[in-house]
Amino acid sequence: MSEPVGLRARKKARTRDAIADAAISLFLARGFDQVSVSDIAATAEVSKPTLFRYFPTKEDLVLHRFADHNGEAARVVGERRPGTAPIAALHQHFRAGLDRFEPVTGLNDHPEVVAFHRLVFGTPSLAGRLLQYMRDDEDALAAALDPGVRGRLLAAQVIAVQRVLARTNWQKIAAGRTARDVHPEAIADADLAFAQLGRATSHL
């Protein structure tokens, strides 16, 4: 008798999480380039083919946490309330993320999150792959905003602003400050950045 679909899905999710957790632990302990896929598979107690079914590349073992947010900006624009401008919706969403101290905003001082960000930004192959995620986000957002060049230009600006804001927050945290201490500055920076975007794109 075959397993129910829900049970299979939960088992797959647990396997995926176990592989990812094993990989992150090894990468943080030894460094990304010093850990092999075989090391990860052995630690997670799965075969290499099984590992690659869940994560096509070694970089994906780390960056799946960012992939979970792929297309988020486009969804925010697509699901915004009637009468709400796209930039206003994106601003509200980013502000809400700051208030929740979401890691993707850079405003999170949990030691594992700080170490994770240091791993990503300090490893060229990971930083390069992260740029591809951002380009994918940009393409999705552009399609949600406007089919022409105006949409592409605005999407590029939004993704760049979010990247700069998150990186600025993370650098302050990495320098030893707490997330709660940085929070007011992060809010002020986000308000300034999105206000500028809003003035430049009020026609959209």
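Predicted model: local features only at pLDDT ≥ 70, side-chain atom pairs only at ≥ 80, totals over all residues.
Residues are numbered from 1 along each chain as its sequence is written, and side-chain values use heavy atoms, with hydrogens and water left out.

Now for the overall picture. The protein chain has 10 helices and zero strands; here helices (H or I, at least four residues) and strands (E, at least two) are DSSP runs, numbered from the N terminus. The C-alpha trace spans about 55 × 45 × 30 Å along its principal axes. Of the 204 residues in the chain, 40% are buried. Buried means under 20% relative accessible area, exposed means over 50%, and partly exposed is in between (1.4 Å probe, protein chains only).

On a 1 Å grid over the protein atoms alone, a pocket is an open set of points where a 1.4 Å probe fits, with protein on both sides within 12 Å along at least five of seven lines; lining residues have an atom within 4 Å of a point. Grid points are joined across faces, edges and corners, and a volume is the space filled by probe spheres set on the points. The largest pocket comes out at about 620 Å³. Its lining has 29 residues, and Val104, Met134, Gln162, Arg163 and Ala166 lie nearest the centre. Helix 5 (72–78), helix 6 (86–99), helix 7 (111–121), helix 8 (124–145) and helix 9 (149–174) are the elements that give two or more residues to this lining.

The second largest pocket has a volume of about 300 Å³. Here 14 residues form the lining, with Arg65, Pro103, Val113, Phe116 and His117 nearest the centre. Helix 1 (5–30), helix 4 (60–67) and helix 7 each supply at least two of the lining residues. Sorted by class, this lining holds seven nonpolar, three polar and four charged residues.

Six of its eight residues are buried, so helix 4 is largely enclosed by the rest of the structure. Those buried residues are Asp60, Leu61, Val62, Leu63, His64 and Phe66.

Next, the aromatic rings. Rings of Phe, Tyr and Trp (its six-membered ring) pair if their centres lie within 6.5 Å; planes under 30 degrees apart count as stacked, over 60 as edge-to-face and the rest as tilted. That rule gives three aromatic pairs. In one of them, the ring centres of Phe27 and Phe32 are 4.8 Å apart and the planes meet at 45°, so the pair is tilted. Phe27 and Phe32 are both buried.

A charge sits over a ring if NZ of Lys or CZ of Arg is within 6 Å of the ring centre and within 35 degrees of the ring normal. Elsewhere, the charged end of Arg167 sits over the ring of Phe121, 4.3 Å from its centre.

What about the loops? Most residues other than glycine have a negative phi. Glu45, though not a glycine, has a positive phi of about 60°. Glu45 is in the loop between helix 2 (37–44) and helix 3 (48–54), and is exposed, with a relative accessible area of 74%. Phe101 also has a positive phi, near 55°. Phe101 is in the loop between helix 6 and helix 7, and counts as buried at 17% relative accessibility.

One more loop joins helix 8 and helix 9, and Asp146 is found there. Asp146 counts as buried, at 15% relative accessibility. A polar atom of the Asp146 side chain lies 2.8 Å from the backbone nitrogen of Gly148.

Finally, stop at Gln132, which is in helix 8. At 32% relative accessibility, Gln132 counts as partly exposed. Its side chain makes a polar contact with the side chain of Arg135 (3.1 Å). A polar contact is a pair of N or O atoms within 3.5 Å; within protein, one must be able to donate a hydrogen and the other to accept it, and residues adjacent in sequence count only if both atoms are side-chain atoms.

Key:
Nonpolar A, V, L, I, M, F, W, Y, C, P; charged D, E, K, R; others polar.
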